[in-house]
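Reader: Please present the structure, and then let us discuss its fold, its helix packing and some of its loop residues.

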Amino acid sequence: MIKSKHIFLMLALVVSISGCGIYNFTGGDVGTAKTFQVNYFQNYASQNPGSTFEPGMDRDFTLALQDYIMNQTSLDLVKSNGDLLYEGEIVEYRISPMSATSAQTAAQNRLSIAVNVRFFNNTKEDVDFEQRFSFFYDYPATSQLATVKDEAHEEIFERITQDIFNKSLADW
């Protein structure tokens, strides 16, 4: 009797897990894709008026996007011929004053980063896209960007990579 209960529970567990199909716990739908590729995101921010060039950000953003997708899916990262392909460029890196004090000086600054992304899914039709993603980080004007840059980049990259993932794989 006890043995049949265990067999029934094991069978129920196997059926419920197999019913999950290609979805994972993050909500990402990778379909039949097994691999993904993230091409190096070139930094063209200095070509946008009012925007500046931040050395190393191209590498850091590319790695952040690769890490996010690896952590959220079971896809394998490849250097070429990926089932899913992400490519694009960093198009904006701008610091702007956000609020003023009574002395007509900035009380808060905003770092804004924008990335243009092209996504190609070689396993599914009509889901490719090209879109601009951006986010910002506000910090006190009394602080230098150099003192908050690591935290700012981490927060901005996290939000942008999450938005890219949601657009390309979340299928909400």
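Reader: In which loop is threonine 142 found, and is threonine 142 buried or exposed?

Author: This is a predicted model, in which local features need pLDDT of at least 70, side-chain atom pairs count only at pLDDT 80 or more, and totals for chains, interfaces and linings use all residues. Residues are numbered from 1 along each chain as its sequence is written, and side-chain values use heavy atoms, with hydrogens and water left out. Threonine 142 is found in the loop between strand 6 (129-140) and helix 3 (145-170), where helices (H or I, at least four residues) and strands (E, at least two) are DSSP runs numbered from the N terminus. Buried means under 20% relative accessible area, exposed over 50% and partly exposed in between (1.4 Å probe, protein chains only), so at 76% relative accessibility threonine 142 counts as exposed.

Reader: What is the pattern of helices and strands along the sequence?

Author: The protein has three helices and six strands. Read along the sequence, they follow the pattern α-β-β-α-β-β-β-β-α.

Reader: Is helix 2 roughly parallel or oblique to helix 3?

Author: Two packed helices are described by the angle between their axes and the distance between the axes. Helix 2 (residues 57-72) and helix 3 pack at an angle of about 50°, with their axes 9 Å apart; axes are lines fitted to C-alpha atoms, for helices over the stretch in contact, and angles run from 0 to 180 degrees between N-to-C directions. Angles under 35 degrees count as roughly parallel, over 145 as roughly antiparallel, 65 to 115 as roughly perpendicular and the rest as oblique. The angle therefore makes helix 2, relative to helix 3, oblique.

Reader: Which residues of helix 3 make the contact with helix 2?

Author: Contact means heavy atoms within 4.5 Å. From helix 2, the contact is made by Met57, Asp60, Phe61, Ala64, Leu65, Tyr68 and Gln72. The residues of helix 3 in this contact are His153, Phe157, Ile160, Thr161, Gln162, Ile164 and Phe165.

Reader: What is the phi of asparagine 81?

Author: Most residues other than glycine have a negative phi. Asparagine 81 lies in the loop between strand 3 (76-77) and strand 4 (84-100), and counts as exposed because its relative accessibility is 72%. Its phi is positive, in a residue other than glycine, and is near 55°.

Reader: What is the relative accessible area of aspartate 126?

Author: Aspartate 126 is placed in the loop between strand 5 (106-121) and strand 6. Although not a glycine, aspartate 126 has a positive phi of about 65°. Aspartate 126 is exposed because its relative accessible area is 77%.
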